[in-house]
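I am opening a notebook page on a structure that is new to me, and I want to note what I looked up and in which order.

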Amino acid sequence: DHCLLIYDNVCDPTFLEDKIPINKNTHILITSRCNKRWEEKWGKPITLDVFRPEDSIEYLFQVTKLERTPKNEKIAGELAKELGDFPLALAHAAHYIKLAGGENVSRATFEEYLKGFEDVSVAYFEVKKNSFTDPNSKLTYDHLIARTLRMTEGYLSRLDKKHIATL
């Protein structure tokens, strides 16, 4: 029988030692943000990049259902750029905006998210740098994801307080 094993977010190539079955019918997919030492044991990796800016904007429009106008394209582009065109960060942001805006997502909803995102401090994340990236980098993928999650946490906290006040 054929099977597919997926090892997601593997910390480094040595982690998989003694965990990979040797079977010609087994296909293996490994994802990792670590980009060092894979070729030594596993062969040449396929490197995936972030979205192109136009794909980021298109994705934001598809998820949020925001009307496509030149002004809305501009704000979507600004948000995509702030998120580094990282797909997961874009997904978090788009679904947050969709949740916060409900049926009436507007440019203002995007602007509020962008302002809130810019206001979330990265000081905590600077201390906890991702060892898989350049240690001198100011902002990493982890920073972006953590900031989008902090935005959601703030939204849920406000929503919870609003519901408690109505009891």
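How much accessible surface does the protein chain have, and what share of it belongs to carbon and sulfur atoms? I found about 11500 Å² for the protein chain, with 55% of it belonging to carbon and sulfur atoms, the areas coming from the Shrake-Rupley method with a 1.4 Å probe.

I note that this is a predicted model, in which local features need pLDDT of at least 70 and side-chain atom pairs count only at pLDDT 80 or more, while totals for chains, interfaces and linings use all residues. Residues are numbered from 1 along each chain as its sequence is written, and side-chain values use heavy atoms, with hydrogens and water left out.

Next I looked up the elements, and read the pattern β-β-α-α-α-α-α-α-α along the sequence, where helices (H or I, at least four residues) and strands (E, at least two) are DSSP runs numbered from the N terminus. Of the 167 residues, 30% count as buried, meaning under 20% relative accessible area, with exposed meaning over 50% and partly exposed in between (1.4 Å probe, protein chains only).

I then turned to helix α3, residues 70-82, and saw that N72, I75, A76, L79 and A80 are buried there. They lie on the same side of α3, because they cover an arc of only 140° around the axis, taken from the directions from the helix axis to the C-beta atoms. These buried residues pack against α2 (53-64), α4 (87-101) and α5 (107-119), a contact being heavy atoms within 4.5 Å. On the face turned away from the buried side I found the exposed residues P70, K71, K74 and K81. After α3 comes G84, with a positive phi near 65°.
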